[in-house]
Amino acid sequence: MTDVLEFPQCRIVPMRLLGADTTRRLLDRLATIHGVRRILLNGQNLPSTVPYGPSRGLATVHPQRKKIRVLGTEVDLRVQVGSLVLEVEDRSVIDEVRSLCGDFFTDFSCSVQEGRFMKTRPSLSDYARYGPLPDPAMIGLSDPKQKEDPVFLTEPTGCRGDL
Amino acid sequence: MARKPQFGPGTSIVAENRRRQMDPSRRLPIVRNVTEEDIVLLLGHRAPGSAYPSAHPPLAEQQEPDCPMRKLVSPTEGAKAGDRVRYIQFADSMFNAPCQPYQRTYVEMYRFRGIDPGTLSGRQIVECRERDLEKYSKELIETDLFDPARSGLRGATVHGHSLRLSEDGMMFDALQRCILDRDGIVKYVKDQVGVPLDRPVSVGKPMVEDWLKRKSTIFHSLVGTPLRNDPEYIEYLQRIHSLRTKYGFMPMEG
């Protein structure tokens, strides 16, 4: 078993599903907090084509499914974000996140929960995808069947935020 | 003594709304206007202005068998003309949508003729002859059974009724069939199965939160009327639950 350093995690759950622009503004602010290591976006899938029914295969032009720019890096948003899971360096960062959310969400409420929301140890699927020595930064971020890699943000704090 | 239907138990506003919607002697207030052409566009079964395709010749041209039931029950307009059977399907948000799947079926069974409703937890479909469907659909959309933001016409890919609302107060829709436009009016840009429309169809402004709470037919402990506030309803539910449980276990006690 690979030794894994475990970091505190928290989850931001707003009372409404976030639009692409709000997600971008929130990510821009979260990613600049010193000590945020990784961010995982969870939400409802926005398919590119109609999945069922008589119009199956037709393109769904959904305004919330688009590319957004976070700290100058392009992120392909394919979900309507319902919650954000953060892995942080230590617990004091969670208080900073909580304070940011209190200022950011003015039209509706939001809760910041502490706990374990992201996988921290490699599973059998990770072994099948990444082999015996996976990059710890990849574990828990996305479905191992997903073909695309996470997005890496490199500025401005020096700590790496992965989306 | 003449029997007077009760329609349902309960003392809360939710229970009263359920009874009001079900009772066919009470008119449902019309709160928006949608033209017949717009209804046809939303349904997506035929082009507006085109003739109704038929499944069989009109009844008047057919040799009807000598059947006492046929003498007793008069056919609907759609059945008389031999129309195809088509459908309309709704998804209703749990955040105080004015009607809910089970309630819709009760309402339709009390108010409409010649229908075949199908009820699921998050969506409700009703099938009937095409010209009857258009008439019923108009009533379902124009009256206070419908809210542009919390109710949705969704023939397929219905997911969204149990989710949190979007930032703008609209129910989540993966196909984005309707949009809340800048003028505050909800417009359908796709028909109920997700085929883009030639022009947007306006279904009016979303109702305000207070109106939705007053007209809701769903109990909701966070944003509406909690079920616990209606002891009569709880008593009724407990009675049904008890009878069903006993009957399944030992029918003679049921």
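Colleague: What makes α2(B) and α6(B) roughly perpendicular to each other?

Modeller: The axes of helix α2 (residues 36-43) and helix α6 (residues 130-142) of chain B cross at roughly 100 degrees and come within 10 Å. Axes are lines fitted to C-alpha atoms, for helices over the stretch in contact, and angles run from 0 to 180 degrees between N-to-C directions. Angles of 65 to 115 degrees count as roughly perpendicular (under 35 is roughly parallel, over 145 roughly antiparallel, the rest oblique), so α2(B) and α6(B) are roughly perpendicular to each other.

This is a predicted model, in which local features need pLDDT of at least 70 and side-chain atom pairs count only at pLDDT 80 or more, while totals for chains, interfaces and linings use all residues. Residues are numbered from 1 along each chain as its sequence is written, and chains are lettered from A and ligands numbered from 1 in the order in which they are written.

Colleague: Which residues of α2(B) and α6(B) meet?

Modeller: Glu36(B), Ile39(B), Val40(B) and Leu43(B) in α2(B) meet Glu134(B), Ser137(B), Lys138(B) and Ile141(B) in α6(B). By class, this contact has four nonpolar, one polar and three charged residues. Two residues are in contact if their C-beta atoms, placed from the backbone, lie within 7 Å. Ala, Val, Leu, Ile, Met, Phe, Trp, Tyr, Cys and Pro count as nonpolar, Asp, Glu, Lys and Arg as charged, and the others, Gly among them, as polar.

Colleague: Why is α2(B) called mostly covered?

Modeller: Six of the eight residues of α2(B) are buried. They are Asp38(B), Ile39(B), Val40(B), Leu41(B), Leu42(B) and Leu43(B). A residue is buried if 20 or more other C-beta atoms lie within 10 Å of its own, exposed if 12 or fewer, and partly exposed in between. The cover includes β1, α6, β4 (151-153), β6 and β7 of chain B. Just after α2(B), Gly44(B) takes a positive phi of about 75 degrees.

Colleague: Is Asn96(B) buried or exposed?

Modeller: Asn96(B) has 24 other C-beta atoms within 10 Å and is therefore buried. Asn96(B) lies in the loop between β1 (85-92) and α5 (101-111) of chain B. Its phi is near 65 degrees, a positive value in a residue other than glycine.

Colleague: What makes β5 and β7 of chain B edge strands?

Modeller: Three strands form an open sheet in the order β5-β6-β7 (chain B), with antiparallel pairing. β5 (178-180) and β7 (196-202) each pair on one side only. The twist averages 25 degrees from one strand to the next. Three bridges join β6 (residues 186-190) to β7(B), and Lys190(B) stands opposite Pro196(B) in β7(B).

Note on methods:
Helix = DSSP H or I, 4+ residues; strand = E, 2+ residues; numbered from the N terminus. Pairing = 2+ DSSP bridges.
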